Amino acid sequence: MVWCGDEVVTMKSRSRVFWWIVAEDGAEKEIRAGRTLNQTRLKVAACCKHYTAYDLEHWKEFDRFTFDAQVTQQDLDDTYQPPFKSCVLDGNVASVMCSYNQVNGKPSCGNPELLNGVVRGQWKLNGYIVSDCDSVEVLFNHQHYKNSPEEAAAVAVNSGLDLDCGSFLLEHVEAAVNRGLVNESSINRAVTNNFATLMRLGFFDGNPINQLYGNLGLNDICTKENQELAREAALQGIVLLKNLGNSLPLSPASVKSLAVIGPNADDKDFNMLGSYFGNPCEYTTPLKGLTAYVPTVYHSGCNRILCDVAQVDEAKKIASTVDAVVLVMGSNQSIEAEGLDREDITLPGQQQLLMSEVAKVAKGPVILVIMSGGGMDVQFAKENPKITGILWAGFPGEAGGTAIADVIFGSHNPSGRLPLTWYPQSYAEKINMTDMNMRPNPTTGYPGRTYRFYTGPTVYPFGYGLSYSGFKHRLAEPLPTIMPVELEEGHACRSSDCKSVNVVEPMCKNLVFGVHLSVKNVGKLAGSHTVLVFSRPPRVHNAPHKQLVAFEKVHLRSKEEEVVRFEIDVCKDLSVVDEMGNRKVALGKHVLRVGNLKHFFNVTI
């Protein structure tokens with residue numbers, strides 16, 4: 001089984017970001033976490049978690065085991081549910097994992113509307129629903145949702161849970177059956193879903209060695225191809241945030257000595273792997289990766305990642321004697337982890353002091369590399385002219401050190417984009433993590449969440465990322481300026497002034513148009529570029545002020561130009577969700593934006 005987290009990250013202090021295929025967009029495109037070879041045979045059974053509105057680990061006095069997420073129907077259907085819907089309908093996952101928290105007073109793993117009603121009923125999951133580990137026990141012992149263990153077991157199974165990651169059902173479901181609390185049909189459903197998945201995996205097809213994947217073993221893990229894949233994943237995930245005066249890439253010919261400073265530079269504790277990892281095939285730290293290019297001098301700069309004590313004088317002495325400095329800073333599992341949310345999103349301890357002092361004495365470029373799961377308020381580094389470059393590497397995996405060095409010395413042209421808004425510390429101090437509302441509230445001063453609704457200051461915006469090349473966009477073909485909506489005879493909106501109309505199949509057939517963009521690499525280096533298509537709908541139903549509707553990555557040689565084609569479905573891509581959770585096509589002026597290009601068009605009856 002492959003566990004594949006698919007939450008929408010709505011809070012910058014959220015500390016489990018590094019687990020997931022992650023974005024703060026509730027309608028991200030092209031996530032295929034559970035792609036299968038076909039609908040019947042599986043190589044692995046992918047599972048999307050944690051369903052749903054799971055956005056808090058441990059923040060102040062609140063924890064994930066007892067937190068009751070109060071979510072409006074609009075936010076549920078507009079933001080929290082779409083990633084899971086995409087997992088099931090587009091990704092064909094074999095499983096969905098329900099979360100610890102409650103949603104509007106009901107445990108996620110004991111909510112028949114969410115499990116039987118939505119996952120099984122509306123989305124038609126072809127697989128099983130599993131609890132997060134010990135969630136059913138949490139439902140009883142922590143949330144006190146039912147009066148007896150048998151009742152707790154019954155509400156989980158009857159709600160649609162097929163498998164308990166834990167022992168609670170094993171210990172109590174038989175007694176629940178004997179008391180008549182569990183429907184026989186629910187037991188049959190759970191057994192069928194579990195065993196059907198095992199059958200799709202080939203568990204009952206005889207000797208595994210004779211089956212399609214039966215010969216896979218340890219020797220298939222650390223192959224050259226897989227290690228190269230780890231390196232490529234790290235390379236594509238690195239985001240270039242600042243490159244003052246084109247100080248990057250560094251040249252091995254001109255940089256004869258390099259200081260590598262910071263508590264994450266020579267990580268021996270596998271911090272780059274995040275959490276829940278196996279033994280790496282080969283682990284390359286940033287120090288090792290950089291040393292492969294040029295001679296280096298190393299100093300940790302801090303007593304530990306929390307940097308209670310910064311060894312400023314020693315670090316300055318080294319930095320003042322070399323041609324360039326790379327600072328490898330950030331966080332690790334002691335700061336961002338399961339069961340631990342951040343209240344402070346600045347760099348830990350005296351890391352900022354260390355960086356600022358080192359930058360003062362450096363005689364050449366100073367490059368900051370940030371390792372973290374989530375964003376950091378590094379406004380000071382963004383504004384400091386002595387810090388000439390900033391890279392965000394995330395937790396880049398076993399080949400992270402090689403990838404970081406490849407980007408810094410120009411063997412790879414960075415193309416990553418931020419999947420999260422990087423907020424200032426003032427945002428973290430202002431917002432209450434238990435407030436699940438996405439939309440801002442001017443009356444209370446609540447600023448809203450994510451790039452879709454928050455319009456305040458940012459350190460770096462969602463989708464931001466630089467390259468060593470430059471790219472220009474232009475429309476390759478004209479776009480429509482009017483999209484007429486054809487309504488059936490007698491529709492109320494034919495005779496009255498409507499702000500939106502319901503998304504229904506007959507109406508949507510002709511509401512599709514192509515967006516053909518010419519993308520040119522105007523730089524001197526070959527590079528990849530991700531084309532992001534944003535939409536701004538009319539201001540109805542408190543709609544997002546913008547949302548990502550499509551993206552495509554293209555690789556171009558210097559001066560090469562290519563046409564990238566998108567198909568925009570007005571009902572699917574440009575619709576909004578009203579206050580009752582109904583999907584609507586907003587009437588009026590819509591805006592599509594790609595980089596500096598804007599196109600206005602009207603959706604009319």
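These legends describe one overall view and several close-ups of a predicted protein model.

Residues are numbered from 1 along each chain as its sequence is written. In this predicted model, local features need pLDDT of at least 70, side-chain atom pairs count only at pLDDT 80 or more, and totals for chains, interfaces and linings use all residues, while side-chain values use heavy atoms, with hydrogens and water left out.

**View 1**
Helices (H or I, at least four residues) and strands (E, at least two) are DSSP runs, numbered from the N terminus. Along the principal axes, the C-alpha atoms fill a box of roughly 75 × 60 × 60 Å. Of the 605 residues, 55% are buried. Buried means under 20% relative accessible area, exposed over 50%, and partly exposed in between (1.4 Å probe, protein chains only). Contact means heavy atoms within 4.5 Å. Among contacts between residues at least 6 apart in sequence, 77% join residues at least 24 apart.

**View 2. Surface and charge of the protein.**
The protein exposes about 25900 Å², and carbon and sulfur atoms supply 51% of it. Accessible areas come from the Shrake-Rupley method with a 1.4 Å probe; for residues, only the protein chains shown count as cover. The 58 positive and 66 negative charges have mean positions 8 Å apart. Lys and Arg count as positive, Asp and Glu as negative; His and the chain ends are not counted. Each charge is placed at NZ of Lys, CZ of Arg, CG of Asp or CD of Glu.

**View 3. Helix H5, residues 149-159, mostly covered.**
In H5, 8 of the 11 residues are buried. Among them are Glu 150, Ala 152, Val 155 and Val 157. Their cover includes helix H3 (113-122), helix H4 (135-141), helix H6 (168-178) and helix H7 (184-200). Just after H5, Gly 160 takes a positive phi of about 130 degrees.

**View 4. Val 260 in strand S11, residues 258-261.**
Val 260 is buried, with a relative accessible area of 0%. Beyond residues up to four places away in sequence, Val 260 touches partners including Ala 265, Leu 287, Leu 290, Tyr 298, His 299 and Val 328. Leu 290 lies 30 residues from Val 260 along the chain, with 8.2 Å between their C-alpha atoms.

**View 5. An open sheet of 3 strands, in the order S18-S24-S23.**
Pairing is antiparallel. Two strands pair if DSSP finds at least two bridges between them. The edge strands, S18 (500-502) and S23 (576-577), each pair on one side only. S18 and S24 (residues 583-586) pair over 3 bridges. Ser 500 stands opposite Ala 586 in S24.

**View 6. Strand S25, residues 588-594, with strand S20, residues 527-536.**
S20 and S25 pair in the antiparallel sense over 3 bridges. Phe 534 stands opposite Arg 593 in S25.

**View 7. The hairpin of S25 and S26.**
S25 and strand S26 (residues 597-604) run antiparallel, joined by 7 bridges. Val 594 stands opposite Leu 597 in S26. The hairpin has 2 residues between its strands. In the turn, Gly 595 has a positive phi of about 60 degrees.
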